[in-house]
Amino acid sequence: MHILHVVGARPNFMKAAPVLAALAGYNGVRQTLIHTGQHYDANMSDIFFEQLDMPVPDLDLGVGSGSHARQTAEIITRFEPVVTDRRPDLVLVYGDVNSTMAAAIVCSKLLVPVGHVEAGLRSRDRSMPEEINRLITDQLSDLLFTPSPDGDQNLLREGIDHAKIHRVGNVMIDTLVRLLPRALSHRPVGLPERYVLVTLHRPSNVDDLSWLGLVLTGLAELGRELDLAVVFPLHPRTRQRLSGLDLPALSGNHFRLLDPQPYLSFLALQQAAAVVVTDSGGVQEETSYLGVPCLTMRENTERPITVSMGTNHLIGRDIGRLRTEVSRIRAGERKPTGPIPLWDGHAAERIARVVTERL
Ligand code: UD1
């Protein structure tokens, strides 16, 4: 049995790592790992393969950056001959990035079965490119592995046959559970004890420079008032945008701008943060598991279970709300949270079982 995995962007790597490892435990399973090259900087890609103990990809398609159309088309063009040549029995795709959707399109046209890991998530916001990627990938997939009940419900509502849906839990949490003990010794040195950890990279937050300026100035003020540092690892897109801004707030003592962090240091940073402010999807999940308060600067989330059962609060584009919530958290207010079912470190084992039984 030949299973081909496709990864391309940073958040794919921690999802694929446990599935590769779980399937490696089965006799007669041959695995191929293809990197599309959507992310290519060493600190956005290579370091993750090392820290996650992932095999070196069998092939890197080297697609690089570009507009959505160009990047997606490039992945489709370069991935098609790979599938034709290697004829896998199943292709596994992860998450909601352009590489995920592009690979699913190629496979469905070549009649090669596709399994989608992290299926069924919906923000219902079609201005997000990831929502388009999710909708298309799920429609084209033969096996849909969901992390939570809302995922199953979304898929059923869209007419997906329930026999294709397998609720397995959250593979990203598998990686977190495995590597948290190792991460604790990777906290970057020289950081203050108490800090707000910030990650912002979505176009809706970073492409509007006046909004980005307001957010950063607001965070710097808040940091000064509450005696909290602001630690902000910068995604390449955010760093590019910041170069067009002249913000006195950033030069103050309270602000620490960092390069993109490797997996283990970022996990350590989350674990020790007073609060995390983000627009990432995975960070909403990781903070919920860690019990660290998370403020998500978006109007919606495709991961509602992190709000209903985890530590996540949706605060939208609202600086007033950001101030209120950080102050509340600083004053010790916490909402009740509980362990999220199946976010237990064993999701990939459940995926491997379904895959090997089905093929
Ligand atoms: C992609 C995903 C997003 C995910 C994010 C995590 C899509 C549609 N978006 O967004 O869902 O949350 O990855 O990081 O797939 N760049 C570099 N070096 C790199 C990669 C990118 O400098 O290694 C810069 C380039 O200028 C590029 C920009 O970042 O144009 C954006 O990269 P891209 O892959 O298009 O999307 P992300 O914003 O990273």
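In this predicted model, an oxygen atom of the ligand is 2.8 Å from an N or O atom in the side chain of Gln38, and an oxygen atom of the ligand is 2.9 Å from an N or O atom in the side chain of His201; the table lists these polar contacts, a term for pairs of N or O atoms within 3.5 Å.

| Side chain (N or O atom) | Ligand atom | Distance |
|---|---|---|
| Gln38 | oxygen | 2.8 Å |
| Asp41 | nitrogen | 2.8 Å |
| His201 | oxygen | 2.9 Å |

Taken alone the ligand exposes 750 Å², of which the protein buries 88%, with accessible areas from the Shrake-Rupley method and a 1.4 Å probe. Two or more residues of the shell around the ligand come from each of α1 (10–24), α3 (68–86), α5 (129–140) and α10 (236–242), where helices are DSSP runs (H or I, at least four residues) numbered from the N terminus. The most is given by α10, with three residues.

Around the ligand there are 20 residues, and Gln38, His39, Asp41, Asn98 and Glu130 come nearest; a residue counts here if one of its heavy atoms lies within 4 Å. By class, this shell has five nonpolar, ten polar and five charged residues, with Asp, Glu, Lys and Arg counted as charged, Ala, Val, Leu, Ile, Met, Phe, Trp, Tyr, Cys and Pro as nonpolar, and the others, Gly among them, as polar. Because domain 1 (2–179 + 343–358) and domain 2 (189–260 + 273–330) both give residues to the shell, the ligand lies between them; the bounds come from an automatic or database domain assignment.

The second largest pocket holds about 250 Å³ of space. A pocket is an open set of points on a 1 Å grid over the protein atoms alone, with protein on both sides within 12 Å along at least five of seven lines, while a cavity is a set where a 1.4 Å probe fits but cannot get out; lining residues have an atom within 4 Å of a point. Of the 15 residues that line this pocket, Asp125, Ser127, Met128, Arg202 and Ser204 are the closest to its centre.

Residues are numbered from 1 along each chain as its sequence is written. Local features need pLDDT of at least 70, side-chain atom pairs count only at pLDDT 80 or more, and totals for chains, interfaces and linings use all residues, while side-chain values use heavy atoms, with hydrogens and water left out.

Terms used
A polar contact is a pair of N or O atoms within 3.5 Å; within protein, one must be able to donate a hydrogen and the other to accept it, and residues adjacent in sequence count only if both atoms are side-chain atoms. Grid points are joined across faces, edges and corners, and a volume is the space filled by probe spheres set on the points.
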